[in-house]
Structure formats: C-alpha cells, structure tokens
Amino acid sequence: MSDFLLRTERLILRPFSYEDVQFMFDLNSDPEVVRYTGNLSFKNIAEAKDLITNLIQQFTEKKMGRFVVTEVKSGERLGWCGLKWHESEQIVDLGYRFFRRHWGKGFASEASRVCLVYGFRELCLKKIAAHAMLENAASVRVLEKLNFKRTGPVNANGLNAEGFLLLRQDYE
Ligand SMILES: CC(C)(COP(=O)(O)OP(=O)(O)OC[C@H]1O[C@@H](n2cnc3c(N)ncnc32)[C@H](O)[C@@H]1OP(=O)(O)O)[C@@H](O)C(=O)NCCC(=O)NCCS
C-alpha cells in the first residue's frame, strides 16, 4: 500500500486500496448519496472493485485520484474526496462523496481544501474543474465556498449540471 497521505485537522486522505472495496460498495448503496451524481448503485461487489482498480491505476500514473477520507479521531472511513484526470476532456476535476450520517459537518469543504492545495502546489495544476446539479445545494455551496466560479451548463454522466472552474490565480 502507498504511504502517501494528505492531512487536515480532522481528516486523513489516502489513496484507495482493495481493502476499500466494501466501503466503496456501501457508500454507493445509498440512493440519496448517488442521487445527484449520475451514478447508479453498484449491482455487485465486482463493480466496486473495478472502480478501485481504475483509481489505483490513476494514482500510480498521475499521483491523483479520489482519496479515501478517514476521520483522525475515530479512524472511520467517512467518504471520498479528490482530484481526477479525465482523459477525454483533458481536465482535472474535484469530486466528493460522503456517507449521509456525516453530511453537514464541514468534511467535504475541509477535505476539498487540502486537495486543492495538493493540486495547485504539488501537481502545479493551472486550473481545476468541478460540476454539480444546481438542485444539489450542498455541493454547490461547497464549490462556492472554495471560490469556484460557474461556467454554465454541462452534461455530466448524463445529467444536466452546472460547470465550475477554479483558476490557480483565483485560489492563491
Ligand atoms: C455534497 C456533499 C459532499 C457535501 O458534504 P458536506 O460534508 O455535508 O459539506 P460541508 O459540510 O463541507 O458543506 C456543505 C455546505 O452546504 C450547506 N448546505 C447543505 N445543505 C444545503 C441546502 N439544502 N441548501 C443550502 N445549503 C446547504 C451547508 O450549510 C454547508 O455550508 P456552510 O458551511 O456555509 O454552512 C454531501 O452532501 C454528499 O456526499 N452528497 C452526496 C454525493 C454528492 O452529491 N456529491 C457531489 C456530486 S456533484
């Protein structure tokens, strides 16, 4: 397993491993969690494993990808957050997803901030994209708190979403 870690006051972010298959499966099993993501709940555990294979590959190749977010205090896996390279659009985006019992505690904002620091300072990215359905008020609020600017409608995973962009100069 990689020893790469990102830390915040309350959280540790680390790359996915195959020990996280059940966690990934459980997270996507809540229809409320996937409601605005364009993803369906996994039909079986093999789908969660395939996704993790992609995430491990992306971390190996590009040193980025969605990271498992663990709470320092409890050691519990709360959800995931991180940057992802999209080959087809040639863009890096920020994403996040947490178990419903942990919503509203500031975890997505806190985890996202350290991912942005990592993306801009360590990976030297010039811009980071994101998207959210406007109905997904919590996600929109997270992006606006992070200073992302709206770029207009986009089709993401078959959903009508709003595009967002954060330029390095607007972040620093
Ligand atoms: C989106 C998500 C990651 C947010 O996680 P979180 O840890 O609750 O986010 P935070 O606590 O850091 O911030 C949420 C902000 O939205 C606000 N918010 C939450 N629900 C809201 C609502 N219905 N209307 C307006 N604001 C809302 C919160 O008050 C908070 O803002 P504040 O800090 O100014 O008070 C979480 O809801 C989730 O996992 N959703 C399912 C997956 C998902 O939709 N991912 C994003 C796909 S684009």
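**Notebook: the ligand shell and the chain around it**

I began with the ligand and found that helix 5 gives the largest share of the shell around it, six residues. I work on a predicted model, where local features need pLDDT of at least 70, side-chain atom pairs count only at pLDDT 80 or more, and totals for chains, interfaces and linings use all residues. Residues are numbered from 1 along each chain as its sequence is written, and side-chain values use heavy atoms, with hydrogens and water left out.

**Entry 1: the shell**

I looked up the residues around the ligand and got 20. A residue is near a molecule if one of its heavy atoms lies within 4 Å of it. The closest are Gly104, Gly106, Ser109, Arg141 and Lys145. I then asked which elements supply at least two residues of the shell each. They are strand 5 (91–98), helix 4 (107–122), strand 6 (127–132) and helix 5 (137–145). I take helices (H or I, at least four residues) and strands (E, at least two) as DSSP runs, numbered from the N terminus.

I sorted the shell by residue type: 10 nonpolar, six polar and four charged. Here Ala, Val, Leu, Ile, Met, Phe, Trp, Tyr, Cys and Pro are nonpolar, Asp, Glu, Lys and Arg are charged, and the others, Gly among them, are polar.

**Entry 2: polar atoms at the ligand**

Next I looked up polar contacts, pairs of N or O atoms within 3.5 Å; within protein, one must be able to donate a hydrogen and the other to accept it, and residues adjacent in sequence count only if both atoms are side-chain atoms. A polar backbone atom of Gly104 is 2.6 Å from a ligand oxygen. Arg141 places a polar side-chain atom 2.8 Å from an oxygen of the ligand. For Trp103, a polar side-chain atom lies 3.1 Å from a ligand oxygen. I also noted the cover: the protein hides 70% of the 970 Å² of accessible area that the ligand has on its own. Accessible areas come from the Shrake-Rupley method with a 1.4 Å probe; for residues, only the protein chains shown count as cover.

I went back to Gly104 and found it in the loop between strand 5 and helix 4. Is Gly104 buried or exposed? Gly104 is exposed, because its relative accessibility is 85%. The terms are: buried under 20% relative accessible area, exposed over 50%, partly exposed in between (1.4 Å probe, protein chains only).

**Entry 3: the whole chain**

I counted six helices and eight strands in the protein chain. From the N terminus the elements run β-β-α-α-α-β-β-β-α-β-α-β-β-α. The radius of gyration, taken over C-alpha atoms, is 15 Å, close to the 16 Å of the globule rule for 172 residues, so the chain is as compact as a globular protein of that length. The rule is 2.2 Å times the number of residues to the power 0.38. The C-alpha trace spans about 35 × 35 × 35 Å along its principal axes. Of the 172 residues, 49% count as buried.

**Entry 4: cysteines**

I searched the whole structure for disulfides and found zero. I used a cut-off of 2.5 Å between two cysteine sulfur atoms. Cys115 is in no disulfide; its nearest cysteine sulfur, that of Cys81, is 4.0 Å away. Cys115 is buried, at 1% relative accessible area. Cys124 is partly exposed, at 49% relative accessibility.

**Entry 5: positive phi**

Most residues other than glycine have a negative phi. I noted Cys124, whose phi is near 60°, in the loop between helix 4 and strand 6. Lys63 also has a positive phi, about 60°. Lys63 is in the loop between helix 3 (45–62) and strand 3 (65–71) and is partly exposed, at 40% relative accessible area.

**Entry 6: one loop, two residues**

I ended at the loop between helix 2 (31–34) and helix 3, where Thr37 lies. Thr37 is buried, at 17% relative accessibility. A polar side-chain atom of Thr37 lies 2.8 Å from the backbone oxygen of Val34. The backbone nitrogen of Asn39 is 3.1 Å from a polar atom of the Thr37 side chain. Asn44 also lies between helix 2 and helix 3, and its side chain reaches the backbone nitrogen of Ala46 at 3.1 Å. Asn44 is partly exposed, at 37% relative accessible area.
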